[in-house]
Amino acid sequence: MPISRRALAAAFAVCVLLPLSACGSGDDGGSTDASGKVEGDITFQTWNLRANFKDYFEGLIADFEKKYPGTNVKWVDQPAEGYADKISADAAGGTLPDVVNVSPDLVAPLAKAGLALDLDKAAAQYKKEYLDGAWASHQIPGMTGTYAFPWYLNTGPLFYNKSLFEEAGLDADQPPTTYDELFADALQIAQKTDGKVATLANVPTIEDFGRYGVPLMNKEGTAFTFNDAKGIELLTRYKELYDAKALDPQALTATPESSGKKFLTEAVAMNPGSALDLGNFKKQAPNLYKNIGITDQITSTGHVNMYVMGVMVNAQTKRTPAAVAFAHYVTDAAHQMSFAKKVAIFPSTAGSLDDPYFTKEDGTDETRVRVAAAKSLKTAVNYTPVLFSEQMKTELRNEVAKALQGKESPKQALDNAVEACDRLLQQQG
């Protein structure tokens, strides 16, 4: 599976619901002491990576086993479909691998169940090797500790169609940089095209509320707060776009893939993406590619959104030193850098984004996007709360749809969404 911003977004839409009572921390777990001899057999599980990166991982494992004689790493790769369910079943059955590729939302229930090793205790010496925001991405509100090594990151710009901006009387070289400008431009494009061209193709998600500066959760991680005045303001502005057809009418049921197709066919004027999308535009929509504009994500916070993957150590592993050493080896600066050069992702290690690969442009759009994304990632934030499950995303989406259709006020919709999400949060335990 190509790892793109869109693929990572889809990955983050997965939620795992563990039967916590079935897999509590127990007394038969492994040691949290990672300081012993690195030896023994461990199992490493990845998430849909074998098809494209078999040689990379086999080489990495061979190098690790050579560095640490007496170790043996068994690599298993699970398909994207049903990955969360597989982790849940393994956790409940006591068969969770020693080292597991996870996203933050998958870590949360495992940490609560005592199955994710706290790296602040077991591997604190490595913390300084990673970007602060990346290390913090696998921390759980209401708990102390960090429960996975950060691995690869992704983010991306906003692409826009210069010709559609020009046809609406806008300066194609001055794309919107603030929310006020975005909403004003979107309304002008809709007005000038009699509602035939929308600017945006997606309803606001939890990360959009975060980018807008809405506080999403209390510090204790016990309640959601995105129904505050600023949250209501954002949804009210989206309702104005929807009524003016500046937000695509099919946005209520859109997926990242369908939104991407709308942009490809020039039915919408802006869409988020990554460097990987540029090759797609060039091949599938040469006219769009000729008119492509590239600008930064719009935020009110000064911090763009990042997607992050991690590598977790099973707290019940019998081979803690080997499992921690291998999880660190996979995610250290040298190996993250080599992986980033094979696919359009970014390393989470401190200093790596200063490498010329991420700072020097060569005149192509591809390097322009890569350099801009790498710069923004240094201070990026994973806005999606780690406790925000797939069910919660559905609740928010449904309530947003009701507000846009005029069935509820923005305030009522967000109040209902927060109430539903808080109820689901309590059920998580």
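**Close-up views of a predicted model**

**View 1. Helix α18 passes helix α19 in a right-handed crossing.** Residues are numbered from 1 along each chain as its sequence is written, and side-chain values use heavy atoms, without hydrogens or water. Helices (H or I, at least four residues) and strands (E, at least two) are DSSP runs, numbered from the N terminus.

The axes of α18 (residues 390–404) and α19 (residues 410–428) come within 8 Å and cross at roughly 170°. Axes are lines fitted to C-alpha atoms, for helices over the stretch in contact; angles run from 0 to 180 degrees between N-to-C directions. The pair therefore counts as roughly antiparallel (over 145 degrees; under 35 is roughly parallel, 65 to 115 roughly perpendicular, the rest oblique). Contact (heavy atoms within 4.5 Å) involves residues of α18 including M392, L396 and A403, and residues of α19 including L414, A417 and L424.

**View 2. Three strands form an open sheet in the order β6-β5-β7.** Pairing here is antiparallel; strands pair if DSSP finds at least two bridges between them. At the edges, β6 (270–272) and β7 (292–295) each pair on one side only. From one strand to the next, the twist averages 25°. Four bridges join β5 (residues 158–161) to β7. F159 stands opposite I294 in β7. Helix α11 packs on this sheet and touches β5, β6 and β7; its direction makes about 140° with that of β6.

**View 3. Helix α11 (residues 256–264) has four buried residues: S259, G260, F263 and L264.** They lie on the same side of α11, because they cover an arc of only 145° around the axis. The arc is taken from the directions from the helix axis to the C-beta atoms. Buried means under 20% relative accessible area (exposed is over 50%, partly exposed in between; 1.4 Å probe, protein chains only). Just after α11, E266 takes a positive phi of about 65°.

**View 4. An open sheet of six strands runs β2-β1-β3-β8-β4-β9.** Its pairing is mixed. The edge strands are β2 (71–78) and β9 (346–347); each has a single partner strand, so one side of each lacks a neighbour in the sheet. β1 (residues 40–47) and β3 (residues 99–102) pair in the parallel sense over two bridges. F44 stands opposite V99 in β3. Helix α4 (residues 104–112) lies across β1, β3 and β8 (307–313), at about 130° to β3.

Methods:
This is a predicted model: local features need pLDDT of at least 70, side-chain atom pairs count only at pLDDT 80 or more; totals for chains, interfaces and linings use all residues. A crossing is left-handed if the near helix is turned anticlockwise from the far one by less than a right angle, and right-handed if clockwise.
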